[in-house]
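Me: I would like a close look at one chain. Please keep it brisk.

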Amino acid sequence: MSVEIKTTSIEPIRQTYGHTQRRFGDKPATRYQEASFDIQSTTNFHYRPLYDHQFELYDPDHTALKMCDWYAFSDPRQFYYGAWVANRDAMQKNAENSFSFFEKRNLGSRLSDEAKQLVIKTLLPLRHMEMGANMNNVGIAGDAYGTTISQAHMFHGMDRLATAQYLSRIGLLIDDTPGVVLAEAKQLWMEDPAWQGVRRYVEDSFVIKDWAELSVAQNLVFDGLLYPYLNDHLEAELDELGGGDIAILTDFMGDWFKDGTRFIDALFKTLAAESEANREQLNRWIQHWHERAVEALEPIVGKAGIASSQALLAKRLTKLGLDTDAVASHY
Amino acid sequence: MNAKTSKRLNMKDRYRIMTRDLAWEPSYQRHEDIFPQEDFEGIKIVDWSQWEDPFRLTMDNYWKFQAEKERKLYAIFDAVSQNNGQMNVSDPRYLNAVKLFITAVTPLEYNAYKGYARVGRQFGGVGARIACQMQSIDELRHTQTQIHAMSHYNKYFGGMHDFPHMFDRVWYLSVPKSFFEDASTAGPFEFLTAISFSFEYVLTNLLFLPFMSGAAYNGDMNTVTFGFSAQSDEARHMTLGLEIIKFILEQHEDNVPIVQKWLDKWLWRGYRLLSIVGMMMDYMLPNKVMSWAEAWEMYYEEAGGALFKELERYGIRPPKFAEQTVIGKNHVSHQTWFVFYQYGHATAFNTWIPTAKEMDWLSEKYPDTFDRLYRPRFELLAEKAAKGERFYNNTLPQLCQICQIPLAITEPDDDTMISHRDTVHEGERYHFCSDGCRDIFHNEPEKYVQAWLPVHQILQGNCGGADMEKVIGDYYRIEMGEDNLEFEGSPEQRRWKQWKQAV
Ligand SMILES: [Fe+2]
Ligand SMILES: [Fe+2]
Ligand SMILES: [Zn+2]
């Protein structure tokens, strides 16, 4: 760029793309706006999908919810691809530091047997649940209408794969022979009666056809009940058993849950605010999946764990304009 | 001791634990209910665990590499915007290639993002799922970095401002749109054969190298930079393309004829789609990179030839009609530009007659065809234009039912005759540009009768009425006199001259 230019005389003829301008006004747009709004095809689709004849290639009817404008949802984190990877790279560096700190100090060898057992029994089987959450969110990204909703779920799906991979690393790190405790945890996931409720819940979620219902079942309800337990209670329990060091490795899960919650809450708030019909539909789904999630999770997180998660979920639902009756009934 | 043993896991085992081992055999729901798209194409998968991971990337490493690439890329975009980098391009006509790119190619990247998300959920094998998911987010990256790369140019030049709107409506953009939607509406195995293998593995060099080198030769820093930045993503996508083909073919011999049919279809469809790239290379780049014929020789005839040799041992033969592409390489770019020149009132970019120097270059590159067939045509048009009678064709052309290109391409064995095929299906007559396209129709007529053909749609009044000016201006959002028409005397040319004086 060696050309010298009297910049004042070179005036732009427009500030941003036409669709961006119609939505946000004729002014320079943010990178999130240009990358995310009104870029998906909306009309004149050529062929019906061979695998789904009743739908167009991109079809708002993959959910029972209705929106006048599917781009009413805007990700509060303003994640487009570049912003997301930059943010996750920073998080990843933190996690990496924690893992190498743990490794260098050989903190694994300080872990009591009881603490190790608790990790195997409660934390490690969740790597399979996270794989399920990955599939669910990627599936939502495929079905959901409009880029803002689709990409937020896609990023979330990849985040969940990362969580599954970090959990696997924890399993490797605390193991004498790598792979043994992970196999033990997988065995629990497959056969232990305490885990069968969760596994059934996850497998049942795989066949939910409505992407918004699926996001309710996975991201709002199930995670909303599980993660507060992991972040608060499990840590305390580990601490008591002499496994407080593990918290160094699971810290990232708390950060990610907080971060993901921002988009999940914004999404359901927007969907619920659209109409009474949406609100009622969401409430019905929440009630149904909440009941199932409580049943599934209780053997793992205990009655007290569930109760405090329910209280937090109820608070969130109130803020989103959704009913708390369903989740209140249990505590 | 713990730490040391975990380090001893080799890369492959470690990656297995990070991916394969996360999955499990479900027992509360049936496999076919969880992965309902896996069977209907007739592809037989005996054992997903035979899948060889084409690349082994965990998410933490993915973020690390990609974040670094994004940082560098956006630093260039910022510098170009701050320094009026658009003024460094070779010639304002060059920007027309960029207009073509953002309206015709960027939306395909988006479709790829969605398509790989679907397959990344639908494949029963976890290794294949994760490879597709990573490609999915890469494709979203390409969509968005392209939008951001062009964002600055859009502020100074026409034709880019409504690219998603145009993609869904404008007559020639139905060529790329129908191409990709054909793949996206197919089953997961055909989608990967079409896009990962036929397009990314066999043909990608013919799409990206012309645009990226074209950008490099013509001073377009933003396009060069995103192109190079996307290249390491593409390398991953190509390995996925090769793996999927080998995997399907190795799983069951019954898969071979199905895959062969797909290879025939997708090579032909890709070849037709690329005629737009050929035209871009030969006519729209002020500084030329190489000719379309040279590119086709190098990247298809040589590289593709070797590849199909390699696939012979699976019982795969080279794609049907490949020999016609070899004949067509000397014609297709000229014929395509001729179409766009005539319909230059309905294009979101300017068109023009090549300069005398450019025509000499074309004579040299196309010794058998240019002087004999195309130079006289362009010289006649130049004469008319000089007399103030710039030619615009106001009739609506017949489109091919499959590739949707106007019937303006000649017979493989007679380059003075327009190639035209037809067929009657359930009492209705359908028209095609070639044997290749008609073949595709015959294999799946129920699919292709659905095609949204721009000319039919205009005639049926579905594009805002019969007044072409309204169709172009209101329905397409091509701004009359600004985005379209002849380059000579255009506002684009006028502004460029003024800006250059300010430099
Ligand atoms: Fe791409
Ligand atoms: Fe790609
Ligand atoms: Zn055709």
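Which pattern does chain A follow, read along the sequence?

Reply: This is a predicted model, in which local features need pLDDT of at least 70, side-chain atom pairs count only at pLDDT 80 or more, and totals for chains, interfaces and linings use all residues. Residues are numbered from 1 along each chain as its sequence is written, chains are lettered from A, and side-chain values use heavy atoms, without hydrogens and water.

Along the sequence, chain A reads α-α-α-α-α-α-α-α-α-α-α-α. That comes to twelve helices and zero strands. Helices here are DSSP runs of H or I with at least four residues, and strands are runs of E with at least two, numbered from the N terminus.

Now the overall fold. The C-alpha atoms of chain A fill a box of roughly 70 × 55 × 40 Å along the principal axes. Contact means heavy atoms within 4.5 Å. Of the contacts in chain A with a separation of 6 or more, 75% join residues 24 or more positions apart.

Next, burial. Chain A has 331 residues, and 61% of them are buried. Buried means under 20% relative accessible area, exposed over 50%, and partly exposed in between, with a 1.4 Å probe and protein chains only. C68(A) counts as exposed because its relative accessibility is 78%.

The surface comes last. Chain A exposes about 12,400 Å² (Shrake-Rupley method, 1.4 Å probe). Carbon and sulfur atoms supply 50% of that area. Chain A carries 33 positive charges (Lys and Arg) and 47 negative ones (Asp and Glu), with His and the chain ends not counted. Their mean positions are 4 Å apart, taking NZ of Lys, CZ of Arg, CG of Asp or CD of Glu as the place of each charge.
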